[in-house]
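Welcome, and thank you for taking a look at this one. Please have the sequence and the structure open side by side as you read.

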Amino acid sequence: MKTGFVVASAVMGAIVMCDAASAEPFRFPDAQTKSRHTTQYTCATGRILQVTYWNAANGQSFALVPVKGQQMLFVNTLSASGVKYQAGSYTWWTKGPRADLYDATDGENAPPVLSDCVTIVREHTASLDPA
């Protein structure tokens, strides 16, 4: 549990220090990342999202998702189906090439904030240097 907190803290520190719009690579200084890939989605509303995913050597996964004009770092959590990522009140839930964004503050049975997001482009960057 402590390792997860340390990794998440290091990642959050890196997000704060890194401008999401810059060309600088996003780094996890204290986490050994195995791979990174960026996926572009188009949602039912016509909105296009670019989401970057990282897989750490310790089994954790992270997703950088744009929410209300800000890049938010999501951490994977237990899911019965697909891959579920959490950041604050938000849940980014992927199942195959599809994804939905939920906001828990909208209520337990509320529809997704963004729904039917479908992969249109996937750029894969294989192994990463932990340095």
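Let us begin with Asp-116, which is found in strand 8. Keep in mind that this is a predicted model. Phi of Asp-116 is near 50°, a positive value in a residue other than glycine. Is Asp-116 buried or exposed, or does it fall in between? With a relative accessible area of 45%, Asp-116 is partly exposed, because that value lies between the 20% limit for buried and the 50% limit for exposed.

The structure has 1 disulfide, and it joins Cys-43 to Cys-117, with 2.1 Å from S to S.

**Two hairpins**

Strand 3 (residues 61-67) and strand 4 (residues 70-77) run antiparallel and are joined by 6 bridges. Within this pairing, Leu-64 stands opposite Leu-73 in strand 4. The two strands form a hairpin with 2 residues between them. Which residue in that turn has a positive phi? Lys-68 does, at about 50°, although Lys-68 is not a glycine. Lys-68 sits in the loop between strand 3 and strand 4 and is exposed, with a relative accessible area of 68%.

Strand 4 also runs antiparallel to strand 5 (residues 83-87), and 3 bridges join these two. Here Thr-77 stands opposite Lys-84 in strand 5. The hairpin of strand 4 and strand 5 has 5 residues between the strands, and Gly-82 takes a positive phi near 75°.

Val-65 lies in strand 3 and counts as buried, at 0% relative accessibility. Leaving aside neighbours within four places in sequence, Val-65 is in contact with Val-51, Gln-70, Gln-71, Met-72, Phe-74 and Trp-92. Val-65 and Tyr-85 are 20 residues apart in sequence, and their C-alpha atoms are 9.8 Å apart in space.

Thr-94 is found in strand 6 (residues 90-95), and at 10% relative accessibility Thr-94 counts as buried.

**A nonpolar patch**

What kind of patch do Ile-48, Ile-120 and Val-121 form on the surface? The patch is nonpolar, with about 260 Å² of accessible area for the three together. Ile-48 belongs to strand 2 (residues 48-56) and counts as exposed, at 51% relative accessibility.

**Accessibility side by side**

Here are the residues discussed above with their values.

| Residue | Relative accessible area | Class |
|---|---|---|
| Val-65 | 0% | buried |
| Thr-94 | 10% | buried |
| Asp-116 | 45% | partly exposed |
| Ile-48 | 51% | exposed |
| Lys-68 | 68% | exposed |

How values were computed
Residues are numbered from 1 along each chain as its sequence is written. This is a predicted model: local features need pLDDT of at least 70, side-chain atom pairs count only at pLDDT 80 or more; totals for chains, interfaces and linings use all residues. Side-chain values use heavy atoms; hydrogens and water are left out. Patches are made of residues with over 30% relative accessible area and no salt bridge: like charges are joined within 9 Å, nonpolar side chains (Val, Leu, Ile, Met, Phe, Trp, Tyr) within 5 Å. Accessible areas come from the Shrake-Rupley method with a 1.4 Å probe; for residues, only the protein chains shown count as cover. A salt bridge is a side-chain nitrogen of Lys or Arg within 4 Å of a carboxyl oxygen of Asp or Glu. Helices (H or I, at least four residues) and strands (E, at least two) are DSSP runs, numbered from the N terminus. Buried means under 20% relative accessible area, exposed over 50%, partly exposed in between (1.4 Å probe, protein chains only). Two strands pair if DSSP finds at least two bridges between them. A disulfide is a pair of cysteine sulfur atoms within 2.5 Å. Contact means heavy atoms within 4.5 Å.
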